[in-house]
Every structure is written in structure tokens, then in C-alpha cells.
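Colleague: I am new to this structure and would like a close look at a single part of it, taken slowly. Could you walk me through the pocket and what surrounds it?

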Amino acid sequence: MIELGGGSLLSQMEALVHDWDGSTERRYCHLANASALLCEHLERVIWVGFYLTVPGTERLVLGPFQGKVACTDISFTRGVCGLAARTKQSVRIADVHQIPDHIACDSASQSELVIPLFSPSHDVVGVLDIDSAEVGRFTEEDQRDMETVAALLSHRLWT
Ligand code: SME
């Protein structure tokens, strides 16, 4: 896990997302800070944020993020985010131009990492989406680290 002066990203994230009161407002509050913390820690990324599942549907809607204006609605049937949501698997794309289904919110995006977030019953409650302007930016280790972060957020904010 990435280490900085203030401790590991995970320990900072744990400190940040304590005390969820069960409200949607507070969940958004914590996800907003989580996106800011990730943006601060991750190098060479241009967009970090969350798409959240509209309850009872297979649609994602834009949640808290850092970066340029992004598309607001993504079906589970579309894009890299939709692929992660429908397969319940992380998706790491070295070159988004090789993926015809990729939704280009920012033409500068070259590579992408999307990690699903889960409810206790293993429904997808949203995805963590990270974009880079560098081809092949994300490593297996990045994927594992972000899966750990996503698991923490799922556990703290959807239980
Ligand atoms: N590229 C994503 C869409 C979201 S933006 O990257 C912020 C996709 O293909 O689902």
C-alpha cells in the first residue's frame, strides 16, 4: 500500500471514513473525502471518483469525484464501469482505445482501473473509477491496493 509521510493510504482512509450514521448524506460526505484522499495519494491520475448504483436498478449514477466533468449515467451494460458492475470484477485497462465499449468522458484518458463496491449480500452498490492520461499506468499492485480500499469503503458505508 502506498506510504506517505502521514502513514499508509489505508490507515488514512480508515481514519477518514469512521462513524457512518447510516444516512445517504454522510455516505456521500465520506466518499467525497475518500475521492480527495485518493487523488492526493495517487500519482499520474486525472480522474478519481465513484459511480453509485441506483437502488433497485442496474444503472450507475455519478457520485463524489475529483477531476473534470464526467458523464452522469452509465448502464451496467455499457462502458468499463458497467463491465465491472455487471461482472462483479475489477477491470484494469492498459489502453482504453483498445476497448470499443469504453466511454470517453475525458479524451485525455488513456488507461483506467475500475473496482466494484459491494453490499453485505454481494450486490454491487457502486464502483471506484480511476483514470490516467498514461497508457498502462495501473499495475496489479495498484489493483490490489484499490480493492483493499474499496472493501474498506464497502464495509464502512454499506453495512
Ligand atoms: N470511462 C468510463 C466512464 C466514466 S469516466 O472514465 C469518468 C467507462 O467506460 O465506463
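Colleague: Which element supplies the largest share of the lining of the largest pocket, and how many residues does that share hold?

Modeller: Please keep in mind throughout that this is a predicted model. The largest share of the lining comes from helix H2, which gives 3 residues. The pocket itself, the largest one, has a volume of about 320 Å³, and among the 19 residues that line this pocket, those closest to its centre are Thr53, Val54, Pro55, Val124 and Val125. Helix H2, which spans residues 24-41, is joined by strand E3 (47-53), helix H3 (79-87) and strand E8 (124-132), each of these four elements supplying at least two residues of the lining. By residue type, the lining divides into 10 nonpolar, 4 polar and 5 charged residues.

Setting aside neighbours within four places in sequence, Val61 is in contact with Phe50, Tyr51, Leu52, Val54, Thr72 and Asp73. Of these, Val54 was named above as one of the residues closest to the centre of the pocket. Val61 and Gly126 are 65 residues apart along the chain, while their C-alpha atoms are separated by 8.6 Å.

In soluble globular proteins, nonpolar side chains tend to be buried together. Here the largest nonpolar core has 27 residues, of which Leu38, Leu128, Met146 and Leu153 touch the most other members. Helix H1 (9-16), H2, E3, strand E7 (111-118), E8 and helix H4 (140-157) each supply at least two residues of this core, and the largest share, 6 residues, comes from H4. Leu38, leaving aside neighbours within four places in sequence, is in contact with Leu9, Met13, Val48, Leu128, Met146 and Val149. A second, separate core holds 18 residues, including Tyr51, Ala70, Ile74 and Val96, and Tyr51 is also one of the contacts of Val61.

Conventions
Residues numbered from 1 in each chain as written. Predicted model: local features only at pLDDT ≥ 70, side-chain atom pairs only at ≥ 80, totals over all residues. Heavy atoms only, no water. 1 Å grid on protein atoms, 1.4 Å probe; cavity = no way out; pocket = protein on both sides within 12 Å on 5 of 7 lines; lining within 4 Å. Points joined across faces, edges and corners; volume = space filled by probe spheres on them. Nonpolar A, V, L, I, M, F, W, Y, C, P; charged D, E, K, R; others polar. Contact = heavy atoms within 4.5 Å. Core = buried A, V, L, I, M, F, W, Y, C linked by side-chain atoms within 4.5 Å. Buried < 20%, exposed > 50% of the residue type's maximum accessible area, 1.4 Å probe, protein only.
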